[in-house]
Amino acid sequence: VFPIIKKDGSTSVFIKGLFAATEMFVDSFAELYKAKILKKKCYDNITLQRLINNGEITENVSSDILIKLNKVHAIHNDLTKENTDFLKEFGIFKSTIEWNDGKLLFPGGKQIKANINEPEIEEALGEKLRNGAVAHAGFFLGPRSFYQFLKDLPIAERKLIRMKKISQINQLYGHEEIDRLQRKNGRFINTCMIVSLNGAASSDALENLGQVSGVGGQYNFVAMAQELPDARSILQLRSWRTDKKGKAISNIVFSYANCTIPRHLRDVVVTEYGIADLRGKTDEEVAIELIKIADSRFQEDLLEKAKKALKIRSSYIIPERFKHNYPASYSGILNKIKVDGLFPSFPFGSDFTDEELRIGKVLKAIKSLSNRKLSFIRFAWSAYWSGTCPPRFTPLLERMDLLKPKGFKQKFYQKLLIKGFVTYL
C-alpha cells in the first residue's frame with residue numbers, strides 16, 4: 001500500500017460515505033449512490049454542520065438536541081417563530097408543529113409552552129434531520145439510463161442531489177464558512193494531459209498554443225485543496241501516449257511550455273503505475289517521485305535531463321522496483337480480469353448499441369493504423385483484394401450504410417471495414 005493511502009486515505013469500506021461537490025454530475029456518481037458510497041449528508045446551515053462535524057449530533061434527532069442548539073446560540077430558551085421554522089426546516093421538529101404567541105401547537109389542539117425545558121417538548125421532535133444533500137452539482141450529463149435513474153428516484157431521494165450555482169461549487173468565496181464545513185477532508189480529483197518534473201500540469205492547451213479544452217473548474221478545485229487544511233488535490237493522467245506516427249511518447253516530461261496548474265499548487269499525481277505525493281517536497285523529491293510513476297521507456301531520459309539541469313543529484317539511481325513500468329506489467333492483469341466480465345468499455349452503460357460498439361472498436365484500430373503510413377498501405381492493399389463480407393458482419397455494414405456501396409470511395413471504405421471486422425473482431 002502506498003504511504004499516502006495510509007496517511008490520508010484508507011482501503012476499508014465506506015462507513016460515513018462520501019459527499020460530492022461537482023460541476024458536472026455524471027453517471028458514475030449515480031453508481032456511487034446505488035452502491036451506498038455517496039451517502040454522507042451535508043446541511044446548508046453552519047451551526048448544524050459544525051455540530052455534525054464535531055460529532056455532537058447525528059442524523060438521528062436526539063432528546064438533547066435542543067439543549068445543544070441553545071448552547072451554541074442557534075435557538076433561544078423561549079422559542080421564537082423563527083426558531084420554530086428553523087427546527088421544522090431541518091426535521092428537528094415535526095412539520096405539523098406550529099408556533100403561536102409563545103406556544104407550540106400540536107395537531108388535535110394540544111398546546112405547550114414554547115420553551116426548550118418544557119417536559120412535553122420531546123413530543124414535538126422529529127426522528128431524523130431533513131433537507132440534507134449527498135451532492136451539490138451544477139448540471140447533469142449522461143446516457144439515457146442515467147436520466148431514467150434520476151426520474152425513477154423517489155422525490156425524497158431526488159432532493160438529496162442539490163443544484164447549485166457553478167460559482168458556489170467551484171470556489172469558496174462568498175460562502176466560505178459553510179463550504180469549509182461541508183468539504184471537510186475533501187479530495188478534489190481531476191485529469192490532465194502533461195505533467196512536468198517540477199510538478200506543473202497542462203490540462204487545456206498544448207505547447208504550440210493549440211487549445212484542447214477550457215480550464216473549467218480544475219484550477220479552482222486544485223487551489224481549494226490548498227486552502228482547506230485537510231484536503232488534497234489529485235491529478236490523474238496516462239503516463240504515455242502515441243503521436244501521429246504511432247510512436248510512444250511520455251506524458252511526464254522534463255518541461256512544458258503550457259501550464260494550467262502551476263508548480264506551487266502541486267499535490268498528488270496518479271498514473272497507471274502508481275501515486276506521486278508531491279505536496280511539501282523539494283524540487284528534487286518532486287522530480288524523483290514523478291519519474292517513479294513514469295513509463296520505464298522514458299525514465300532514464302527524464303533522469304538524465306533532470307541531472308543535467310542540477311535538479312537531481314548525479315549519484316541518484318532509480319530503485320529497481322520502479323524500473324518495470326511497462327504496459328505489459330498491467331495489461332496482462334487487466335486482460336485476466338476482463339475475461340470475468342469486469343472493466344467493460346462503458347462500465348456504467350451507454351447509448352451505443354452492441355453493433356455500434358463493435359464498429360467503433362474497428363474504426364479506432366484502423367485510425368491507429370493510419371498514423372503508420374506503411375502499415376496502413378499494407379492493410380489497405382490487403383483489404384482491397386479481400387473477398388466478400390462474411391455473413392456475420394452484414395448487419396455492421398448495414399449500420400454504416402455500406403452494404404451496397406456507390407462509387408469507388410464507398411467501395412474502398414467497405415473493403416477497409418470488412419478487413420477490419422475480420423482482423424479485429
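Colleague: Why is Tyr 273 called buried?

Modeller: The relative accessible area of Tyr 273 is 12%, and buried means under 20%, exposed over 50% and partly exposed in between, computed with a 1.4 Å probe on protein chains only, so Tyr 273 counts as buried. This is a predicted model, in which local features need pLDDT of at least 70 and side-chain atom pairs pLDDT 80 or more, while totals for chains, interfaces and linings use all residues. Residues are numbered from 1 along each chain as its sequence is written, and side-chain values use heavy atoms, with hydrogens and water left out.

Colleague: What makes Tyr 330 partly exposed?

Modeller: Tyr 330 has a relative accessibility of 23%, and therefore counts as partly exposed.

Colleague: How many aromatic pairs does the count come to, and how do you know what kind of pair Tyr 273 and Tyr 330 form?

Modeller: The count comes to 18 aromatic pairs, where rings of Phe, Tyr and Trp (its six-membered ring) pair if their centres lie within 6.5 Å, and planes under 30 degrees apart are stacked, over 60 edge-to-face and the rest tilted. The ring centres of Tyr 273 and Tyr 330 are 5.7 Å apart and the planes stand at 65°, so this pair is edge-to-face. Tyr 273 is in the loop between strands S16 (268–271) and S17 (274–277) and Tyr 330 in helix H13 (residues 328–339), so the pair ties together parts that are 57 residues apart in sequence.

Colleague: Why is the pair of Phe 393 and Phe 421 called tilted?

Modeller: The centres of the rings of Phe 393 and Phe 421 are 5.4 Å apart and their planes are at 40°, so the pair is tilted. It links distant parts of the chain, with Phe 393 in the loop between helix H15 (373–384) and helix H16 (394–399) and Phe 421 in helix H17, 28 residues apart. Both Phe 393 and Phe 421 are buried.

Colleague: What makes H14 and H17 roughly perpendicular?

Modeller: Helix H14 (residues 354–370) and helix H17 (residues 407–424) pack at about 105°, with axes 9 Å apart. Angles under 35 degrees count as roughly parallel, over 145 as roughly antiparallel, 65 to 115 as roughly perpendicular and the rest as oblique, and H14 and H17 are therefore roughly perpendicular to each other. In the contact (heavy atoms within 4.5 Å), H14 contributes Ile 359, Lys 361, Val 362, Leu 363, Ala 365, Ile 366 and Leu 369, and H17 contributes Leu 416, Leu 417, Gly 420, Phe 421 and Tyr 424.

Colleague: Why is H14 called oblique to H15?

Modeller: The axes of H14 and H15 come within 7 Å and cross at roughly 125°, and that value makes H14 oblique to H15. Ile 366, Leu 369 and Ser 370 of H14 meet Lys 373, Ser 375, Phe 376 and Phe 379 of H15 in this contact.

Colleague: How do you know whether Ile 418 is buried or exposed?

Modeller: Ile 418, found in helix H17, has a relative accessible area of 4% and is therefore buried. Beyond residues up to four places away in sequence, Ile 418 touches Thr 388, Cys 389, Pro 390 and Leu 397.

Colleague: What makes Arg 297 count as lying over the face of Trp 240?

Modeller: Arg 297 is at 4.4 Å from the ring centre of Trp 240 and lies over its face, the rule being that NZ of Lys or CZ of Arg is within 6 Å of the ring centre and within 35 degrees of the ring normal. Likewise, the charged end of Lys 110 sits over the ring of Phe 106, 5.7 Å from its centre.

Key: Axes are lines fitted to C-alpha atoms, for helices over the stretch in contact, and angles run from 0 to 180 degrees between N-to-C directions. Helices (H or I, at least four residues) and strands (E, at least two) are DSSP runs, numbered from the N terminus.
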